[in-house]
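Please work through the exercises below with the sequence and the 3D structure at hand, and try each task before you read its solution.

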Protein chains: 2
Amino acid sequence: MKKQFAADQAYERIRDAIYDGVYPSGERLTEVQMAEELQMSRTPVREALKRLGEEGLLKNKRVLAPTEKEFIDTFDVRRLLEGHAAARAAAYMTIPEKEELRACVTHAENGQLEERMYWNKQFHEKLVTASGNEVLIEAVSRMEAIVYLFRQTVVYEQRPGLLEEHHAICDAIDAGDRELADTRMKDHLDNDLQFALRMRK
Amino acid sequence: MKKQFAADQAYERIRDAIYDGVYPSGERLTEVQMAEELQMSRTPVREALKRLGEEGLLKNKRVLAPTEKEFIDTFDVRRLLEGHAAARAAAYMTIPEKEELRACVTHAENGQLEERMYWNKQFHEKLVTASGNEVLIEAVSRMEAIVYLFRQTVVYEQRPGLLEEHHAICDAIDAGDRELADTRMKDHLDNDLQFALRMRK
DNA sequence: AACACAAATAATGTATACATTTTTATTTAT
DNA sequence: ATAAATAAAAATGTATACATTATTTGTGTT
């Protein structure tokens, strides 16, 4: 077990708390309060808050409250990047990698809600990671915060068609069809977006 | 004139110094030394260095030394994003915006090296900004550091064909041809990449 | 009640001190 | 001479103090 700096702990704990809805969108996080709660001095907390700010989870000290536009804009970029990742995967993924990817979908099919969330997330992550392009990976992961915070609900994981679409993407990749993989990923994300938007109403 | 925090000044000064080659790639920047040079305490310097780290200009305390792969990967993503921005521009840019964009190219044609650099940069910036997609804008700007540091030289601004390509992109946008604008931007960036890679040898 | 202003309270930004960790320099052993 | 081990030096991470800014609260006015 590696020793963790207080600043890192603070970062992780606050981040998780935000994701868990402990601090709702719009709430202001102050250094003193956080320091109090985490039982450490302001210094590491301050560092953690700054980092959360840079990563977009806080917007001048308040928990990000993503607007519909921000969400749409995020997907506009995401579909580009993940579509590209899918195309690359179709061209360069190794057989074992393809199998792992497919396994994500089947595991999701068989698992309960908790597991299903995990494997769906893994699916996208594996796909992007397989590109081997650090810049791409970084860019995608940077957008997770908004996505996560916007659709506060988890119902999304039950969206009809979701798993079928993941399968379809796998099929395109297995077939080595770049174009098709790209298109299917983009369509998939479009569906996700539409569904999430509808859920908010 | 707005008052600046010491941390902000530190950030800007160190960043500019890195860009100006004062601290060469690979050099280690320590808090104490920077604090000394900037005549302030370690606290704001530390904050600045952390920020520079998050933005990719420092990689555990050392000035980023981009590898060829990183550079290529960056362009792989850039062409996606800027290509998309060009396509959007073709579809949605207003006449005055189109004129401003074209002006960037003509200004570059008529200016000296310094100006030319400025206007070429403006060209790309205007194009991306016109998308109105904050996420996209942010993503593109995040990649500037690597691009800038990798091609330490400025010769790049003299690349044969560069201005013609900018014009060609403008033409496609003026014509409202999304596909073509996208392709031309991608080709343009591909050329940039190839040229930069060749320069390094 | 809504507004403007003043006083108070609280939060931030910076400097500094100190313990710990990391780097560098030096010594010792093979 | 090279490598391992140790000692010395330097740099980092955290806590704390204090001055400065923001924010809130309270008061009086229309």
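Two exercises follow, each with a worked solution.

This is a predicted model, in which local features need pLDDT of at least 70 and side-chain atom pairs count only at pLDDT 80 or more, while totals for chains, interfaces and linings use all residues. Residues are numbered from 1 along each chain as its sequence is written, chains are lettered from A in the order in which they are written, and side-chain values use heavy atoms, without hydrogens and water.

**Exercise 1.** Describe how chain B and chain A meet.

Solution. Begin with contact (heavy atoms within 4.5 Å), which takes in 23 residues from chain B and 23 residues from chain A. Next, take the buried area, that is, the accessible area (1.4 Å probe) that two parts lose on being put together, summed over both; here it is about 1,900 Å², with 54% on carbon and sulfur atoms. Of the area that chain B buries, Glu54(B), Leu80(B) and Val135(B) supply 27%, more than any other three residues.

**Exercise 2.** Count the salt bridges between chain B and chain A, and examine one of them.

Solution. Apply the rule first: a side-chain nitrogen of Lys or Arg must lie within 4 Å of a carboxyl oxygen of Asp or Glu. By this rule there are 8 salt bridges between the two chains. One of them joins Glu47(A) to Lys50(B), whose closest N and O atoms are 3.3 Å apart.
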